[in-house]
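Let's walk through a protein model together, one topic at a time. Please keep the sequence and the 3D view open as you read.

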Amino acid sequence: MGSDKYIPLFETKRARALVLYRSFAVTLSVGICLILFYRVSYMPKDGEEGRWFWIGLLGADLWFGFYWVLTQALRWNQVHRLTFKDRLSQRYEKFLPRVDVFVCTADPTIEPPTMVISTVLSAMAYDYPPEKLAIYLSDDAGSDLTFYALLEASIFAKQWIPYCKKFNVQPRSPAAYLVSKSPPHDGGGQSQTRDFLAIKKLYREMEDRIETTTTLGRIPEEARLKHEGFSQWDSYSSKRDHDTILKILIDSKDPCSTDIDGSALPTLVYLAREKRPQHFHNFKAGAMNALIRVSSKISNGQIILNLDCDMYSNDPLTVRDALCFFLDEEKSHDIAFVQFPQCFANVTKNDPYGSSLRVITDVEFHGTDGCGGPLYIGTGCFHRRDTLCGREFNQDSKIDWKKHDDHRRQQSVHELEAEVKTLASCTFEQNTQWGNEMGLKYGCPVEDVITGLSIQCKGWKSAYPNPERKAFLGLAPSTLPQVLVQHKRWSEGDFQILLSKYSPAWYAHGRISLGLQLGYCCYCLWAPNCLATLYYSIIPSLCLLKGISLFPQVYTSISVQLQLVLV
Ligand SMILES: O=c1ccn([C@@H]2O[C@H](COP(=O)(O)OP(=O)(O)O[C@H]3O[C@H](CO)[C@@H](O)[C@H](O)[C@H]3O)[C@@H](O)[C@H]2O)c(=O)[nH]1
Ligand SMILES: [Mn+2]
C-alpha cells in the first residue's frame, strides 16, 4: 500500500493559457483607462450642450471599470481539479465515511413526484456501499402523493439498483436512462436488451400509477390500506398546518431490506417537517436544518450531499470524486465543502436566456477556486457535517477517517421514528443557534451563498471539481418569466448579503482572501450593475436623437488608439 509515501488523492492545476488571458486583461485595462481619459478630457464645458449626459456617462464608465476589476478576481487565477478515485479505493475502501443525501421538494404540482423519485433513485444507485448511504427526501408540501411516489420508488429500487450495477448503467436516473428504445450502451448483448425491456416496463407501470394518483389528487384506498405510513395524514389539515410526518421506508441495517439479488439497500427516509401557520418555516434553509437534525439520529453521515429535487445524479462515481477532496492525508484538513457545477439537461442550443450559466460554471467558479474555493450554490454540494453545523477551523479539525466510527442504534425503527419526529417540530429551534450559527442561515433569499460565505469566514476552504462527465443535471428555467423571477431572487439575495452582517466587503475582510472577497462582491453587485447598464442603453440613443455626440468619430486619433488597444 506504500503508506509511508504520501500519494495525493487530488491534484490542482493552473488553467491553461492563463498568461495569454492575463496579457489580454492588461491591454483591456489600458483600453478602459483610455476611455476614461477620453471622457474626462473631451467633456463639454459648463453651459455647453450635453454636459450632464457626459457626466452621467463618465459615472457609468467609472462603474463599469470598477466592476471589470472585480470580475478579474473571478478570472485571474483559474484552477482545475483532478481526482484519483482508484487511490481512494485502494486506501480507504474499508473506511469510507457514511454519506447522507438530502433531496428537497416543495410542491407536487410544480415538481412532479415522478421527477422527484428519479432524482432519489439516481442517488440510491450511487456506486457506494449501501450500508453507508442514506437518502432523505424533505417534502415541504407534506403531500401524500409524494410519499406514495417514494413508497413506489422504494419497491422499484429493488430491481433498479441491481440492474444499474449489473450493466454499469449511466445515468442512474430511470427517467433519463429509460427514454431510449434500446440499452444506450449496448455491450451486454441479448441479456441486456431483455433486462432493459423488462425494467423499462416496470418503470413505465410505476410511472403510470404515480401519474394517475397525481392527476386524481388522492391515493387509491387499496394502496392507503397497504402501508401504515399513510395513517400519518389522518391528522393533516393543509400543507401549512400539519404534524411532522416521518417514515423510514428502507433501513439499511434491517437484514430483510434487500434487493432482488439479496444485497443491502441504502436507507431511505421521507420527512415532512411540522408546519403551523403561526411559525415561519424559512423555506429550503428550514427544511435542510430539519434534515441535518433528523439524519444525525438515523444515519449520521459525516458527509452530506444536498440536491434540488430536479437535479439528478448523472455519474455514479461522483461521491467518490468528492471524497478525494475530504480524505486526502495532507490537503484535506481545511476543506469544508465540495461544490459541483450546476448543469442542466434542458438547455436549448441557442439558450436565448443564458440559462446554462456557462460563464459561471466554466470560467468564474474556476477562478474562485483559485482564491480559496467556490460559493455554495445550494445543490450538487458535498459538506462535512461538522462544518455545516458551525464548526470553526483550527488545527484539531482534521478528521481521522480510518478511526472506527460505528453509528449504533439501540432502538427499533418505530421507537427511532417517534424520537426523531420531535427534532423536526416547529418549536425545536426556539432559543437555539439553528439558522444563525448552526446549519443553513435564515432570512436571505440565497441562504446557500451566505451559508457558504460564513463557513469560509470561519477559516475553511472549498473545492470545485468540474469533471468532463457532468456530475449532476437539473432543469433550468425555460420561460422568460421563470428566468426573470430566478435572476431577481439571486440579485436581490446577493445584494442583501453585501449589506448583511456577513458582507464580503467588510466582515469577510481578513477572513477570506482578497481575490475571493472581490469575487463575492462581483455577484453581490449584480443588482446595482443594472443602473449603469440602463443608463448606457437609454441615454446614448436619446443623445443620438438630439444630435449630441458622446463617442469619438471613427477616424480621430483617440478613436484609433482606442480601437488598437481593444483589438
Ligand atoms: O420552502 C421551500 C422552497 C423550496 N424548497 C426546495 O428548494 C429547492 C430550490 O428551490 P427553487 O424554487 O427550485 O429555486 P431555484 O431558484 O431554482 O434555486 C436555485 O437557487 C437557490 C438559491 O440560491 C438554491 O437554493 C438552489 O439550490 C438553486 O438551484 C427546490 O428543490 C425546492 O423544492 C424547499 O424545500 N422548501
Ligand atoms: Mn430550481
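To sort residues by class, we count Ala, Val, Leu, Ile, Met, Phe, Trp, Tyr, Cys and Pro as nonpolar, Asp, Glu, Lys and Arg as charged, and the others, Gly among them, as polar. By that sorting, the shell around ligand 1 has 8 nonpolar, 6 polar and 7 charged residues. This is a predicted model, in which local features need pLDDT of at least 70 and side-chain atom pairs count only at pLDDT 80 or more, while totals for chains, interfaces and linings use all residues. Residues are numbered from 1 along each chain as its sequence is written, chains are lettered from A and ligands numbered from 1 in the order in which they are written, and side-chain values use heavy atoms, with hydrogens and water left out.

Let's stay with the ligand. Which residues come nearest to ligand 1? Of the 21 residues around it, they are Cys104, Asp140, Asp308, Asp448 and Arg489; a residue is near a molecule if one of its heavy atoms lies within 4 Å of it. Some of the surroundings make polar contacts, meaning pairs of N or O atoms within 3.5 Å. The side chain of Asp140 has a polar atom 2.6 Å from a nitrogen atom of ligand 1. Backbone atoms take part too: a polar one in Ala106 is 3.2 Å from an oxygen atom of ligand 1, and a polar one in Ile377 is 3.5 Å from an oxygen atom of the ligand. Taken alone, ligand 1 exposes 690 Å², and the protein buries 83% of that; such areas come from the Shrake-Rupley method with a 1.4 Å probe.

Where in the fold does this shell come from? Strand E3 (99-105), H9, H14 and H15 are the elements that give two or more residues to the shell around ligand 1. H15 gives the most, with 3 residues. In these names, helices (H or I, at least four residues) and strands (E, at least two) are DSSP runs, numbered from the N terminus.

Now for pairs of charged side chains. Side chains of opposite charge can pair when their charged atoms come close. We call it a salt bridge when a side-chain nitrogen of Lys or Arg is within 4 Å of a carboxyl oxygen of Asp or Glu. By this rule, the model has 30 salt bridges.

One of them joins Asp308 to Lys284, with the closest N and O atoms 3.1 Å apart. Asp308 sits in strand E7 (residues 303-308) and Lys284 in helix H9, so this pair ties together parts that are 24 residues apart in sequence. Are these two residues buried or partly exposed? Asp308 is partly exposed, with a relative accessible area of 22%, whereas Lys284 is buried at 17%. The cut-offs are under 20% for buried and over 50% for exposed, with partly exposed in between (1.4 Å probe, protein chains only).

Another salt bridge brings together Asp241 and Arg276, at 2.8 Å from N to O. This pair links distant parts of the chain, 35 residues apart: Asp241 is in the loop between helix H8 (221-226) and strand E5 (245-250), and Arg276 is in the loop between strand E6 (267-272) and helix H9 (283-298). Asp241 is partly exposed, at 24% relative accessibility.

What about the cysteines? A disulfide is a covalent bond between the sulfur atoms of two cysteines. With a cut-off of 2.5 Å between the sulfur atoms, the structure holds 0 disulfides.

Finally, look at the backbone. Most residues other than glycine have a negative phi, and most peptide bonds are trans. The peptide bond from Gln170 to Pro171 is cis, with omega near -10°, and Pro171 lies in the loop between helix H5 (144-167) and helix H6 (174-177). Asn282, in the loop between E6 and H9, has a positive phi of about 60°. Asn300, in the loop between H9 and E7, has a positive phi as well, near 50°.

Key: Polar contact = N/O pair within 3.5 Å; in protein donor to acceptor, adjacent residues only side chain to side chain.
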